[in-house]
Structures are given as structure tokens and as C-alpha cells.
Amino acid sequence: MTSLADLQQKPWLKPLAAASIAALALTACGDDNGDDNGEDVDAESEVETDIDIDADVQTLEEGELQVCSDVPYPPFEYYDTDGNVVGYDIDIAAAIADALDLDLEIIESSWEGLESGIALESQDCDLVISGMTITEERAGNMLFSDPYLDDNLGLLAAAEAGITSLDDLEGASVGVQNGTTGHTYAEEELGLDVQQYEDSGLLLQGLEAGQVEALIGNISIIGYQAGDDDAFEFVEEIDTGEQLGIAAQQDNQELIDAVNEVLAALESEGLLEEIQQNWFHSDDTPDEGEAEEDDDDDDNDEDED
């Protein structure tokens, strides 16, 4: 499997524009209590796949594959300028749905509901595809597919902070996204007293605004968001050997087996690498935008924080 070390070369992919920061701050992903009644959003795949899997799977709605995802979380899932949800995970979800001859439905959900397994337990969706690292704790609450991307953590710091390694973090203010492996690593492995943020966009804003001097997170996320902005310095990669997986309800082994068949076919035909290259090593990915407003919403809602 192609790793991010193979895909991502310095300087990091794209600079984070002001418009994308505004989009990232729109956390329209259910309530903070994990009681997810997510909203459906339109998805748009960027890479065409043609895989056919002969599998009899059970889904919540006949003829549909409902996928929960924490939007926006670029480059895994985010809004393009037309208000469609696009990203690496969306292309994977579209390939799975197409291979199973199902209509894809993306459901916005909170990260808390996804990583805890609540979204699956409450039958909000059939699968969770949202850049989620496979961990022993999470595997106790859901079934995971075979890994579909290798990842690691990284340390990103303000250029003026003078932080050159993990050893410099003692006494520094460090930000993490709540409930992530970066959060766990910073507290349990490094013993840091961290400042927690609800999503990756707010985390980066915290660094940009000087609320924290550095942050720890997956390089797939912080590398993409930081881009080649001279205000940030990617200090080092933390080799945690993380792998991302797709999750299903614990009693739906048939669906996970089918997902694994699709992933194996994507890998063998070179399509998985094509999707990865498109989202992690290309200048042609869609620009970030905001969710489309409902027709009956007030026009001023575009200014909502």
C-alpha cells in the first residue's frame, strides 16, 4: 500500500486560504452529545472506478449505502465551491457503493459520534469513512476493514516559536483535536497538558492566532492544511505506524467483507494509488467552499460562524 511518506513531499501540498479556514469553521456535524441525526449532503467523486463485487450485503435502506463522515475535514471530505462534498474518503465511498450497485448517501456526523461508535450503534449509517485511525479501543465498538491508508502523526509549530523537536514541547502551549490519536499521544506518551479543539480547522486557527505554539496531528491533515505557509514549520514526523480503516456495525461482518473485496480490487488495479495521488499529491483538487444553504434559509445565513 502506498504510504503518505511516498505521496507527500515537502513543501506541503497547498497553502490554506482564508476562505478554506472559514469553511473549516462551519461545524455542521450534529450536536456535541454524540446524538447524531446527521444531514444528507451531495457527494461528487473525482476518480472514476469500474469494479464489480458479487456480494449480498445488508444495508439500512434498500438500494442505498449510507456513509457517515465528519465534514469538513480536508482532504478527506470537504465542500467544494458548488457545495458538493468531495475528497479522498468520498472517492473511496463512491467506489464501494458503485461496486455493490448501491446509491451513495453521505451523512454529516460529529467526530465524537463517529470515533466512539455511537453513530453506528444508533444506525445512523452503514459505514463510517472519515479518516479514522484503527485503534484497539475503537475496534471494541465497531468492525474495521483492512487499512486503506498508512499515516503518521506530525508536529507543526509556529515558525517564530523556536521549536525544533518534540523535546522542545515541555512548557510550550500545544494544541490537539479532541478525541484523536494526536490527542492521546500528546497526553499519554509525551505527558503534555494540551489545549483541545473540536475540529482540525479550529486547531490550525488556534496556531495561526497564537493561542498555541505548536500542534500534534495526523500528517495527512496538518500537512494539507498548513500548505507551504512560511508562518508554519513542519518540525518532524512521529512514526506511530497508524493505519486508517472503514468501520461498520459489529454485527455486519458481511458488509466489511465486501468492503475488503473492493479495497483489494482497487489496490490490485492501481486505482487506490490513483485516488491517493489525486488527493495527496496533486494541484488539481477542487477548491474548498461552503455547504449549500437550503432554499428556504435566509440569505444572511452565509455569515454564520
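Two strands count as paired if DSSP finds at least two bridges between them. In this predicted model, two bridges join strand E9 (residues 174-177) to strand E11 (residues 214-218). The two strands run parallel. Glycine 175 has leucine 215 in E11 as its bridge partner.

Both strands belong to an open sheet of five strands. The strand order is E10-E9-E11-E8-E12, and the pairing is mixed. Strand E10 (195-197) and strand E12 (232-244) form the edges, each pairing on one side only. On average, neighbouring strands are turned by 25° against each other, direction ignored. Helix H7 (residues 181-189) packs on this sheet. The helix touches strand E8 (149-158), E9, E10, E11 and E12. The direction of H7 makes about 140° with that of E9.

The structure holds seven aromatic pairs. One of them joins phenylalanine 76 and tyrosine 88 edge-to-face, at 5.9 Å centre to centre and with 75° between the planes. This pair links distant parts of the chain, 12 residues apart. Phenylalanine 76 lies in the loop between strand E2 (64-69) and strand E3 (78-79), whereas tyrosine 88 lies in helix H3 (residues 88-99). Phenylalanine 76 is buried, with a relative accessible area of 1%. Tyrosine 88 is also buried, at 0%.

The ring centres of tyrosine 78 and tryptophan 279 are 6.1 Å apart. Their planes stand at 85°, so this pair is edge-to-face. Tyrosine 78 sits in strand E3 and tryptophan 279 in helix H11 (residues 271-280), 201 residues apart. Both residues are buried. Ring pairs also link Tyr73, Phe76, Tyr88, Trp111, Tyr148 and Phe280 into a cluster.

Notes: Residues are numbered from 1 along each chain as its sequence is written. This is a predicted model: local features need pLDDT of at least 70, side-chain atom pairs count only at pLDDT 80 or more; totals for chains, interfaces and linings use all residues. Side-chain values use heavy atoms; hydrogens and water are left out. Rings of Phe, Tyr and Trp (its six-membered ring) pair if their centres lie within 6.5 Å; planes under 30 degrees apart count as stacked, over 60 as edge-to-face and the rest as tilted. Helices (H or I, at least four residues) and strands (E, at least two) are DSSP runs, numbered from the N terminus. Buried means under 20% relative accessible area, exposed over 50%, partly exposed in between (1.4 Å probe, protein chains only). Axes are lines fitted to C-alpha atoms, for helices over the stretch in contact, and angles run from 0 to 180 degrees between N-to-C directions. Contact means heavy atoms within 4.5 Å.
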